[in-house]
Amino acid sequence: MQNKWWHGKVAYQIYPKSFCDSNGDGVGDLQGIISKLDYLKALGIDILWLSPIYPSPFVDQGYDISNYVDIDPSFGTLQDFDELLAKAKERGIDIVMDLVVNHCSSEHEWFKKACADLNSEEAGYFYFIKGKDGKVPNNLRSYFGGSVWTKIPGHENEDIYYSHYFAKEQPDLNWYNPKLREQVFKLVNFWIDRGVKGFRVDAILSIVKDLSFPDLPADDTDGMCHAAKMNARNLGDIGKFLNELKAKTFTPADSFTVGEVLTVTPDSVKEFAGPDGYFSTLFDLSCRELVESHPHYRMFPTVTPDDFVKCVFDTQDLYQKVDAFVAPIIENHDEPRGVSYYLPEYLQNEHGAKTIATVLMFLRGIPFIYQGQEIGMTNTKFESIDEFNDLYAKDEYRDMIEHGFTEEQAVACCARHGRDNARTPMLWDDSPNAGFTTGKPWLRVHQDYKTLNVKSQFGVPGSTFSYYQDLIKLRKAPEYAQTMTYGTFARVNIGSGVQAYTRTALDQSQKILVIANTNQEELRYSLGDLKTANTKVLISANDAKLDADGTVVLGCGGAIVLAL
Ligand code: GLC
């Protein structure tokens with residue numbers, strides 16, 4: 001694999017609305033992020049991905065952009081952004097923006113002009129499609145519920161609709177129109193010219209459409225089919241669009257790009273994240289897909305640690321096979337907290353946070369940490385639907401009530417699966433609102449903020465934060481960095497509830513073994529012939545140890561990394 005500047009780095013996702021509020025309006029902002037750069041530097045972060053900070057009506061929390069070349073006033077100004085770029089750079093940290101170009105906001109001037117004049121240039125930026133047999137063009141269900149088709153504002157009496165795979169306030173952009181593509185390239189270059197080092201590319205599979213707009217077989221009693229199923233079909237045009245995007249923006253700037261791509265296959269992994277891929281890397285979203293291949297929260301399965309690790313390890317194998325580069329994650333702003341979701345109840349705590357962190361941090365690729373993960377944030381105890389903000393959770397709540405769930409059951413289900421779990425404010429200290437804001441936070445604060453916060457962990461040996469710092473240091477240590485980034489991955493089958501793998505230097509000069517135990521019972525694993533005179537423990541958590549006779553002893557949650 002050719003060396004790239006982002007290889008060997010560790011990335012961190014900030015959800016700006018919930019990270020740090022500098023002006024007391026209850027919403028995080030750019031000055032808040034600037035004030036925490038030293039914190040991120042101390043953690044060991046090299047690349048920061050910011051979820052959208054562009055002007056937006058926030059129907060989908062900024063993933064509905066009304067102006068691609070400015071900053072939403074709630075976050076600050078372009079000057080604040082330049083200051084963030086400069087101050088991050090001083091600390092060796094690069095900024096990656098969220099690129100949301102499958103759709104914009106219905107408040108974007110393109111959409112307003114398009115609706116005002118169906119013959120305008122802007123009308124061609126969208127899918128304005130005639131109905132079929134007096135009904136919407138097809139039976140796709142949007143990601144957030146209801147049809148992907150809505151009548152064009154101002155033209156409600158006509159048989160013409162616009163497409164939106166997400167909320168109706170997020171009209172899909174028509175990538176088949178070269179003029180629209182030019183607009184996209186222009187806005188990407190606007191940020192590159194300002195100093196942005198890369199992009200996280202949102203919902204990108206959705207940009208291709210079957211222009212005959214066929215129905216798909218229904219996946220629920222409403223006769224509709226989730227739009228994601230259309231994305232899963234190979235529609236052929238993506239290569240044309242993404243190669244053009246890459247050539248006109250990312251390649252000349254040597255940008256780091258990470259795609260949000262679900263439903264990958266060996267072919268598509270190579271195509272998207274191989275040596276000549278459209279992107280530098282793709283997130284490993286396999287576990288999310290395992291859950292979200294079911295159309296509604298009420299159908300979501302419970303994921304066991306074995307399911308989680310199978311997804312992660314299968315992804316490792318898949319990417320390795322085609323020489324592609326992956327971005328492993330435990331959680332992001334679209335998922336519940338990994339500690340609460342993938343671990344048994346007895347490990348939904350600081351012990352489990354360390355166990356799962358150990359599994360993540362030595363995988364092949366570039367690990368992404370989501371804000372709060374480094375202190376072991378768990379799910380928030382939402383007690384009523386009014387405490388949620390996310391439109392997705394609200395729609396699923398409505399769906400459950402319609403399907404006979406009690407209010408209590410529906411809230412519990414949203415609390416388990418909801419995206420707001422990851423979106424509650426970052427926990428900085430034990431003061432009111434966890435030091436996130438002096439005002440009223442836009443989303444409720446996690447119940448454990450008095451004890452679970454940065455202040456109680458920063459500089460404290462044995463804390464989850466300190467453990468993350470040590471993991472990152474180890475991953476980047478010059479003597480292991482090559483193996484961690486490029487070394488081969490191989491799973492080691494020890495038994496159910498045990499996650500184990502090796503990383504081997506490409507020249508075979510080094511072998512690292514990672515083992516984590518999520519069972520309650522103690523695990524004793526003999527290294528046998530693997531043990532040499534040089535075998536040593538590089539890091540361990542939850543009292544895991546290596547006995548003199550070469551037996552690894554891991555209690556509940558025990559995790560250990562060995563150089564063999
Ligand atoms: C992506 C984002 C998610 C958003 C959706 C629509 O999946 O991560 O937060 O709701 O795209 O933009």
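**The lining of the largest cavity**

A: By class, the residues lining the largest cavity comprise seven nonpolar, one polar and five charged. The model under discussion is a predicted one. The lining amounts to 13 residues, and those lying nearest the centre of the cavity are E292, D334, E335, P336 and H417. Two helices, α9 (286-292) and α11 (338-342), each contribute at least two residues to this lining. Helix α9 provides the largest share, namely three residues. In total, the structure contains seven cavities of 30 Å³ or more.

Helix α12 (residues 350-361) packs with helix α16 (residues 464-476) at an angle of about 10°, and their axes are 10 Å apart. An angle under 35 degrees counts as roughly parallel, and α12 and α16 are therefore described as roughly parallel to each other. On the α12 side the contact is made by E350, A353, K354, A357, T358 and M361, which meet T464, Y467, Y468, L471, I472 and R475 of α16. Sorted by class, this contact of α12 with α16 contains seven nonpolar, two polar and three charged residues.

Two of the α16 residues in that contact, T464 and Y468, are also touched by E374. E374 lies in the loop between β13 (368-370) and α13 (391-402). Its relative accessible area is 0%, so E374 counts as buried, the limit being under 20%. Beyond residues up to four places away in sequence, E374 touches Y12, Y39, L43, I369, M426, Q457 and F465, as well as T464 and Y468. The pair E374 and F465 is 91 residues apart in sequence, yet their C-alpha atoms are 5.2 Å apart in space.

D429 is located between α15 (420-423) and α16. Leaving aside neighbours within four places in sequence, the contacts of D429 are A434, G435, Y449, N453 and K455. For D429 and K455, 26 residues apart along the chain, the C-alpha separation is 5.0 Å.

G28 can be set beside these loop positions. G28 is found in the loop between β1 (11-14) and α1 (30-35). With 0% relative accessibility, G28 counts as buried. Not counting residues up to four places away in sequence, G28 touches P16, K17, C20, D21, S74, F75 and F436.

Helix α3 (residues 78-90) and helix α5 (residues 178-194) pack at an angle of about 55°, with axes 11 Å apart. In terms of orientation, α3 and α5 are therefore oblique to each other. The contact joins L78, F81, D82 and L85 of α3 to F190, W191 and R194 of α5. By class, the contact of α3 with α5 has five nonpolar, no polar and two charged residues.

T483 belongs to helix α17 (residues 478-486). The relative accessibility of T483 is 2%, and T483 is accordingly classed as buried. With neighbours within four places in sequence set aside, T483 is in contact with R503, T504, A505, Q510 and I512.

Finally, the backbone deserves attention. Most residues other than glycine have a negative phi. D133, a residue other than glycine, has a positive phi near 50°. N542 likewise is not a glycine and has a positive phi of about 55°. D133 is placed in the loop between β4 (128-130) and β5 (140-141), and N542 occupies the loop between β18 (536-541) and β19 (545-546). With 78% relative accessibility, D133 counts as exposed, for which the limit is over 50%. N542, with a relative accessible area of 15%, is buried.

Methods:
Residues are numbered from 1 along each chain as its sequence is written. This is a predicted model: local features need pLDDT of at least 70, side-chain atom pairs count only at pLDDT 80 or more; totals for chains, interfaces and linings use all residues. Side-chain values use heavy atoms; hydrogens and water are left out. Helices (H or I, at least four residues) and strands (E, at least two) are DSSP runs, numbered from the N terminus. Buried means under 20% relative accessible area, exposed over 50%, partly exposed in between (1.4 Å probe, protein chains only). Contact means heavy atoms within 4.5 Å. Axes are lines fitted to C-alpha atoms, for helices over the stretch in contact, and angles run from 0 to 180 degrees between N-to-C directions. Angles under 35 degrees count as roughly parallel, over 145 as roughly antiparallel, 65 to 115 as roughly perpendicular and the rest as oblique. Ala, Val, Leu, Ile, Met, Phe, Trp, Tyr, Cys and Pro count as nonpolar, Asp, Glu, Lys and Arg as charged, and the others, Gly among them, as polar. On a 1 Å grid over the protein atoms alone, a cavity is a set of points where a 1.4 Å probe fits but cannot get out, and a pocket is an open set with protein on both sides within 12 Å along at least five of seven lines; lining residues have an atom within 4 Å of a point. Grid points are joined across faces, edges and corners, and a volume is the space filled by probe spheres set on the points.
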